[in-house]
Amino acid sequence: MRIVCLSAEAADICARLGAWDDVVAVSAFASQAGLAPRPVVGGFSTTDGERVAALHPDLVLCFSDVQADIAAQLIRRGCTVLTTNQRTLAEIAETIRLIGGAIGRASAAERVVTQYRTELEALKSSGARQPRIYFEEWPDPMISAIGWVGELIEHCGGVDVFAGRRGRASRERVVTPEEVIAADPDILIASWCGRRVDIGAMRARPGFSTIRAVQDDQIHAIHSDLLLQPGPRVLEGAHAIRRILDAWHACIPTAPHPR
C-alpha cells in the first residue's frame with residue numbers, strides 16, 4: 001500500500017501501527033526522527049497536489065477543515081482521501097482505529113489504543129488542590145486551549161479557566177488580556193503552534209504582573225509538537241503538563257493565596 005500523510009499525527013499513527021514502510025511522503029511538520037526519511041510534499045495548509053498525485057498513492061491522509069480544499073483538489077486528481085477531524089481525547093482513539101482499519105492494521109490499532117488509554121489513566125491526578133490554568137495556543141490574537149488540550153489539563157489535575165470556549169474553530173477560543181487577568185490563573189502554559197514561546201513577552205504584557213501565575217513565576221512553555229497534533233504523541237505533552245502541576249504542588253504554600 002502507498003500512503004501519503006499530510007498531517008503530522010497521521011504520519012505518527014502510521015509509524016506506530018507498523019506501516020511506515022507503506023508511507024511514501026509526508027508533510028513538513030511530521031517528525032521522522034528514528035525513521036527512514038520520506039520526501040516532504042508540502043506544509044500543513046499548502047501541498048503540492050500534482051506531486052502527491054504523481055506518487056500514485058492508494059490513500060492520502062488529511063486532517064481538519066484546514067485541509068478540506070487540499071483534500072478536494074486531490075480527489076479531483078483521482079486520489080482516495082481520508083480526512084479526519086478529531087478534537088477530543090476520545091476522538092483521537094477513534095481516529096487511530098479508523099486509520100488502522102483503512103490501512104489494514106486494525107489489530108495494531110487496537111494495541112495502540114489500549115496503550116494510549118492505559119497511559120492516560122496513569123496520568124490522572126488525585127491531588128486535592130487543582131491549580132487554575134490558562135493555556136495559550138497563540139499569542140496574537142490570544143487563543144485558549146483546544147478541546148483535547150483542555151481535557152489533558154483536567155486529566156492531569158488542573159482546571160482550564162476557559163473550558164467553556166473549547167470550540168473546534170480557533171476564532172471560538174479567542175480571549176482578551178483583560179479576561180486572562182480577571183481569571184487570575186495559578187499557572188500559565190503556552191504552546192504556540194509552530195512558533196517558539198516568548199515567556200518574557202508574556203510576562204511583560206500590560207496588567208499581567210497582577211496575575212498569580214506571573215507573581216509566582218509559574219509561566220511554562222511546551223513544544224507544540226507534543227500537544228497540538230491530535231494523535232498518540234499528545235501523551236508526551238500530557239506528561240509535560242503533569243510535571244508542571246506536580247512541581248506546583250511541591251512549591252505552593254499549604255494555605256491557598258487569597259484572591
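This is a predicted model: local features need pLDDT of at least 70, side-chain atom pairs count only at pLDDT 80 or more; totals for chains, interfaces and linings use all residues.
Ala169 belongs to the loop that runs between β7 and α7. If you look for Gln67, you will find a residue 102 places away along the chain, with 13 Å between its C-alpha atom and that of Ala169.

Is Ala163 buried or partly exposed? Its relative accessible area is 31%, so Ala163 is partly exposed, falling between the 20% and 50% limits. Gly150 lies 13 residues from Ala163 in sequence, and the C-alpha atoms of the two are 6.6 Å apart in space.

Now let us turn to α1 and its surroundings. In this helix, Ala8, Glu9, Ala10, Ala11, Ile13 and Cys14 are buried. The cover over the buried residues of α1 includes β1 (3-5), β2 (23-26), β3 and α4. After α1 comes Gly18, which has a positive phi near 80°.

Rolling a probe the size of a water molecule over the atoms shows where empty space is left. Here the count comes to one cavity of 30 Å³ or more, and the largest cavity holds about 40 Å³. Which residues line the largest cavity? They are Ser7, Glu9, Ala10, Leu61, Cys62, Phe63, Thr84, Gln86, Thr95 and Ile99. Two or more lining residues come from each of α1 (8-16), β3 (59-63) and α4 (89-102), and β3 gives the largest share, with three residues. Sorted by class, the lining has five nonpolar, four polar and one charged residues. Glu9 and Ala10 link the two parts of this picture: both are buried in α1, and both are part of the cavity lining.

Our last stop is a pair of helices. Helix α5 (residues 106-122) packs against helix α10 (residues 234-251) at an angle of about 5°, and their axes are 11 Å apart. Because angles under 35 degrees count as roughly parallel, α5 is roughly parallel to α10. On the α5 side of the contact you will find Tyr116, Glu119, Leu120 and Ala122, which meet Val234, Leu235, His239 and Arg242 of α10. By class, the residues of this contact are five nonpolar, one polar and two charged.

Conventions: Residues are numbered from 1 along each chain as its sequence is written. Side-chain values use heavy atoms; hydrogens and water are left out. Buried means under 20% relative accessible area, exposed over 50%, partly exposed in between (1.4 Å probe, protein chains only). On a 1 Å grid over the protein atoms alone, a cavity is a set of points where a 1.4 Å probe fits but cannot get out, and a pocket is an open set with protein on both sides within 12 Å along at least five of seven lines; lining residues have an atom within 4 Å of a point. Grid points are joined across faces, edges and corners, and a volume is the space filled by probe spheres set on the points. Helices (H or I, at least four residues) and strands (E, at least two) are DSSP runs, numbered from the N terminus. Ala, Val, Leu, Ile, Met, Phe, Trp, Tyr, Cys and Pro count as nonpolar, Asp, Glu, Lys and Arg as charged, and the others, Gly among them, as polar. Contact means heavy atoms within 4.5 Å. Axes are lines fitted to C-alpha atoms, for helices over the stretch in contact, and angles run from 0 to 180 degrees between N-to-C directions. Angles under 35 degrees count as roughly parallel, over 145 as roughly antiparallel, 65 to 115 as roughly perpendicular and the rest as oblique.
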